[in-house]
Amino acid sequence: MQVSIACTEHNLKSRNGEDRLLSKQSSTAPNVVNAARAKFRTVAIIARSLGTFTPQHHISLKESTAKQTGMKYRNLGKSGLRVSCLGLGTWVTFGGQISDEVAERLMTIAYESGVNLFDTAEVYAAGKAEVILGSIIKKKGWRRSSLVITTKLYWGGKAETERGLSRKHIIEEIVRAMTHVINQGMAMYWGTSRWSAMEIMEAYSVARQFNMIPPVCEQAEYHLFQREKVEVQLPELYHKIGVGAMTWSPLACGIISGKYGNGVPESSRASLKCYQWLKERIVSEEGRKQQNKLKDLCPIAERLGCTLPQLAVAWCLRNEGVSSVLLGSSTPEQLIENLGAIQVLPKMTTHVVNEIDNILRNKPYSKKDYRS
C-alpha cells in the first residue's frame, strides 16, 4: 500500500534550522534525486503488483492486537487502511546517519515485531532513503501487500520545476494532483504533513465539490512538549471529515530520551554542526525547564517498569485519535527499546496520565472545554 503525503511551504519555515538542512539536502544533487526516485518507484510498482486491494464493506475503527508479536493496529483515520500503532521513519538515518546494513537490521527488527508502516520522503538524504527502503523490501522478499509505505512530496531538486506540489502550488491543484496519482494506481491514499486545520478542511471541501479524493491523514509533530494540534485541532477534523493523525518525533529529536539531562554530549545529534538549532533549544531556559520536568517523570517510568523513552512513546499512543506513531532510531537497541512501548500502553491509566499532566502543566484546552 502506498500513501503519498503532501507538505506545504509556509509550514516548513517554522522549524528554522531543520528546514534549512532539508532544503540544503534537496538542492545538492537534483539529478541524483530524480534517478533515486525513479529507481524506488520501479521497485514499488513491481511490488504493488503482487497484491490486490479488497474493498472493506465493514470498517472497524477498534484497536486489534497481533497474537504473535503483540503489535497493535488501528485504522488510518476513518479509512479502511489498518496500520501498526508504531511505524519506522527514515529521516536523518537512512542514507545518512547509518549504513545500509544497519538500515536493513532496523527494518527487519521492525517488520518481525509487527510493524507494517514505513515512512520516507523524496528529500531524505537527497532521495537515497527511498532507494534504500525499496531495495531492502525487494531483497527481503516481503509481500508488498503486507506493507504500508508513506512518502512525502514537496522539496525535490533545486530547479523551480523540481519542487512544489503542483503548477500553482494551491490547494485545488494539490487535490487534483493527488487524485490523479491515486487514479493512476501510483498510490492508494493521500494525506498531508504540517498543514493547518483550515488548509485540510479546504482540501476536503475542494475534493467534495469537484468529486475528487480527499486526504485521509495528517502527519503532525506530537510529544510531551508539543500537544495543541494533535489534541485540540485534529480530533475535530477526525469527527467531521475522518482525517486521522500519524505523528512523528515522539522523543522530540532526542530531547525526551534523557541524554541531555546534563548538557549536550559530544556524540549526540545536538552536537553536530548542522543541528545547532537543536542545541540552542536544549540549552535555552525553556529547554532547561523541560529537562527538569523529564527528571520528575522518571519515578513514574520506574514505577511502571519502563524507560523514559518508552513512557513517552506510550503516552503518545494512549491518545485514541493517533493512528500511528513514527519512530526514528539509529541503532537496533534503540528501536527495540522504543518498540517496547507497546507493552507499557495498557499501564497508561487515567491516573497515570493525570500524574504526567500535573508535571507537564501544558495540557491544551479546546473551546468546548472552556464552555463546559
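## Helix H7 against helix H8

Contact here means heavy atoms within 4.5 Å. In this predicted model, Ile171, Glu172 and Val175 of H7 are in contact with Glu199, Glu202, Ala203, Val206 and Ala207 of H8. Sorted by class, the residues of the H7 contact with H8 are five nonpolar and three charged, with no polar ones.

H7 covers residues 171-183 and H8 covers residues 197-209. Their axes lie 9 Å apart, and the two helices pack at an angle of about 60 degrees. Angles under 35 degrees count as roughly parallel and those from 65 to 115 as roughly perpendicular, so H7 and H8 are classed as oblique to each other. The crossing of H7 past H8 is right-handed.

## Helix H8 against helix H9

H8 also packs against H9, which spans residues 228-241. The axes of H8 and H9 come within 10 Å and cross at roughly 15 degrees. Because the limit for roughly parallel is under 35 degrees, H8 is roughly parallel to H9. The crossing of H8 and H9 is right-handed.

On the H8 side, the contact is made by Ala197, Ile200, Met201 and Tyr204. On the H9 side, Gln233, Leu237 and Ile241 take part. The contact of H8 with H9 has six nonpolar residues, one polar residue and no charged residues.

## Cysteines

The structure contains zero disulfides. A disulfide would need a pair of cysteine sulfur atoms within 2.5 Å.

Cys217 has a relative accessible area of 0% and is buried. Cys253 has a relative accessibility of 10%. The cut-off for buried is under 20% relative accessible area, so Cys253 counts as buried.

## The chain as a whole

The chain has 16 helices and 11 strands. It is 372 residues long, and 55% of these residues count as buried.

Contacts in the chain can also be viewed by separation in sequence. Among those between residues at least 6 apart, 74% join residues at least 24 apart.

## Summary of the helix pairs

With H7, the angle is about 60 degrees and the axes are 9 Å apart; with H9, the angle is roughly 15 degrees and the axes come within 10 Å. H8 meets H7 through residues including Glu199 and Val206, and H8 meets H9 through residues including Ile200 and Tyr204. Three charged residues belong to the H7 contact with H8, whereas the H8 contact with H9 has no charged residues.

Conventions:
Residues numbered from 1 in each chain as written. Predicted model: local features only at pLDDT ≥ 70, side-chain atom pairs only at ≥ 80, totals over all residues. Heavy atoms only, no water. Buried < 20%, exposed > 50% of the residue type's maximum accessible area, 1.4 Å probe, protein only. Axes fitted to C-alpha atoms, helices over the stretch in contact; angles between N-to-C directions. Helix = DSSP H or I, 4+ residues; strand = E, 2+ residues; numbered from the N terminus. Parallel < 35°, antiparallel > 145°, perpendicular 65-115°, else oblique. Left-handed = near helix turned anticlockwise from the far one by under 90°. Nonpolar A, V, L, I, M, F, W, Y, C, P; charged D, E, K, R; others polar.
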